[in-house]
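Subject: Structure handover

Hello,

The structure you asked about is below, and my notes follow it.

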Amino acid sequence: MSHLPVDQRGAWRALADHAQRMGRRHLRELFAEHQGRHATFTRHAAGLTLDLSKQRWSEETLELLLDLARDAGVPEAIRRLLAGERVNRSEDRPALHTALRLPADARLEVDGQDLVASVHATLERMSGMVECFHAGQWRGATGKPIRDVVNLGVGGFDLGPLMVTHALADYRPEDVHRIDVHFASTMDGSQLADYLARLNPETTLFVLSSKSFTTIDTLSNARTARDWLKARLLGGARQEGVDEALVMRQHFIGVSAKPEKMSEWGIDPDHQLEFWEWVGGRYSLWGAIGLPIALVVGMDHFRALLAGAHAMDRHFREAPLADNLPVLLALAGIWNVNFLDIRAHSILPYDGRLEYFAAYLEQLEMESNGKAVTHEGEPVSYSTCPVLWGQLGPNAQHAFYQLLHQGTQAVECDFIAPKVRYDDVPDPATRDHLMDQHRLTLANCFAQSRALMLGDAAVADDGPRPGYRRYRGNQPSSTLLLDRLTPETLGALIALYEHKVFVQATVWDINPFDQWGVELGKTLAGETQRILQRQQGLDGMDDSTRGLIEAVWAAEPENDR
């Protein structure tokens, strides 16, 4: 592979020249010229169907993009990622989220250690915990079975489990002791305060998820939870035999790469789950961070989620680039960002169960690829990650679709929906009604992507229209259909986007597995917190921050200063 920056190499320049011609083409023309366009640009794998025919490209474009992928070393990069090599170069470690979903009979040795054995040992510990909860045998300090679990985490330790538990709520097992899972991530305590006002401390347990076990957001919430439990269970008419050690043991589980810090905080070693440095937070839901998921759907369905992701991993490793779903989705994004100058990307699921999927992808993509320097630390001279945003499509149609249709900002869209839903509802009348609703949802999904593509040509000619009723069309989109939304297909869908991010990072020559910008924000927040508390140290602050801090000090009650 050439040492030249990617945008100075032949493959990139060939695409730039090609874009001068293709950039002026309208999707109406491309579909008129190519009657079999859907079949040409549609691929299937792991229960997913990816239709890229509404991208503003041609077969020649795709061939040039595949040349770019080969020139950037994508096939070798895929091999290195899945083999456990040190692809996270700035932190000198592998990125092995894919190891978390390897089957038990697989083997992956890294630095002389077989990772699969330790991964499955943790899954077995999780399984034991879940069985205990579902049997009603995990009891609080006063002997009552735990009923509510509050997950305390932030970023990937919150967004991933939250998204999946909501998406798979239909898969809650029957005939088990019901566990309701809640999520609190905000450091201001507002989410947690709401839960504490209505939950029973005798039947509530907290899961503390923090890779370093130093995350200020999580630990501040954890301290509030600990104080709440102690005040309610150890104060007043406390039950005989209930002491602080028992409260800590029965009401807290820790998930971290730092067992010594968990123990120091007071979490019993028997109630700690292992996490590893070689998995980033936004890629972590597949292991112990997924405990809340398993508590909702059960371990069988959690393992099915892993199996679906592993099926996509195999496809990513084995499929030729031209048929590889993550590669093709990544190249479509690169074409839009770097050659058509489309730097906004909207995620639009047409299924209420995927309500949190856009928020999950916002972190996955923008924290991974929101980078402006190469692996060698050199500034890039081309765009990297677009601004990612989205919402449930049926709701977004009544919110920001106006901008998509008639605004000045070009936006790439991903439409996501299951082909089939509600066909398993037992009552025939209810089933028919719900299936009609699902068809209505799909009709809206397909119609919106068509309207974005064709503009005025999507509707019958009813004569001249005033300017305010004109639609330019030519907005590119991809459509992802799941055979149905199951643990397996959801796992494949998430893994598809994970690998898409990696392919784009490979082409852009950036590291998708670090987040130094996040670390900078944490450092400055700690410094500012100390100034606010001590009411001194303003000399090093800029004028704006100094003024804001002084405004807070002036507003605080006199006795709190």
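H1 and H4 are roughly antiparallel to each other, because an angle over 145 degrees counts as roughly antiparallel, under 35 as roughly parallel, 65 to 115 as roughly perpendicular and the rest as oblique. Their axes cross at roughly 160° and come within 9 Å, with H1 covering residues 10-22 and H4 residues 59-71. Axes here are lines fitted to C-alpha atoms, for helices over the stretch in contact, and angles run from 0 to 180 degrees between N-to-C directions. Helices (H or I, at least four residues) and strands (E, at least two) are DSSP runs, numbered from the N terminus.

This is a predicted model, in which local features need pLDDT of at least 70 and side-chain atom pairs count only at pLDDT 80 or more, while totals for chains, interfaces and linings use all residues. Residues are numbered from 1 along each chain as its sequence is written, and side-chain values use heavy atoms, with hydrogens and water left out.

Which residues of H1 meet H4? On the H1 side they are Ala11, Trp12, Ala14, Leu15, His18, Arg21 and Met22; on the H4 side, Glu60, Thr61, Leu64, Leu65, Asp67, Leu68 and Asp71. Contact means heavy atoms within 4.5 Å. The residues of this contact divide into eight nonpolar, two polar and four charged (nonpolar: Ala, Val, Leu, Ile, Met, Phe, Trp, Tyr, Cys and Pro; charged: Asp, Glu, Lys and Arg; polar: the others, Gly among them).

Now the salt bridges. The structure holds 38 of them, each being a side-chain nitrogen of Lys or Arg within 4 Å of a carboxyl oxygen of Asp or Glu. One of them joins Glu124 and Arg303, with the closest N and O atoms 3.0 Å apart. This pair links distant parts of the chain, 179 residues apart: Glu124 is in helix H6 (residues 115-134) and Arg303 in helix H13 (residues 299-318).

Arg147 and Asp180 form another salt bridge, at 3.9 Å from N to O. Arg147 lies in the loop between H6 and strand E5 (148-152) and Asp180 in strand E6 (residues 180-184), so the pair ties together parts that are 33 residues apart in sequence. Asp180 is buried at 17% relative accessibility, whereas Arg147 is partly exposed at 38% (buried is under 20% relative accessible area, exposed over 50%, partly exposed in between; 1.4 Å probe, protein chains only).

Within helix H8 (residues 190-198), Asp194 and Arg198 lie four residues apart, about one turn of the helix. Their side chains meet in a salt bridge of 3.2 Å, N to O.

Regards
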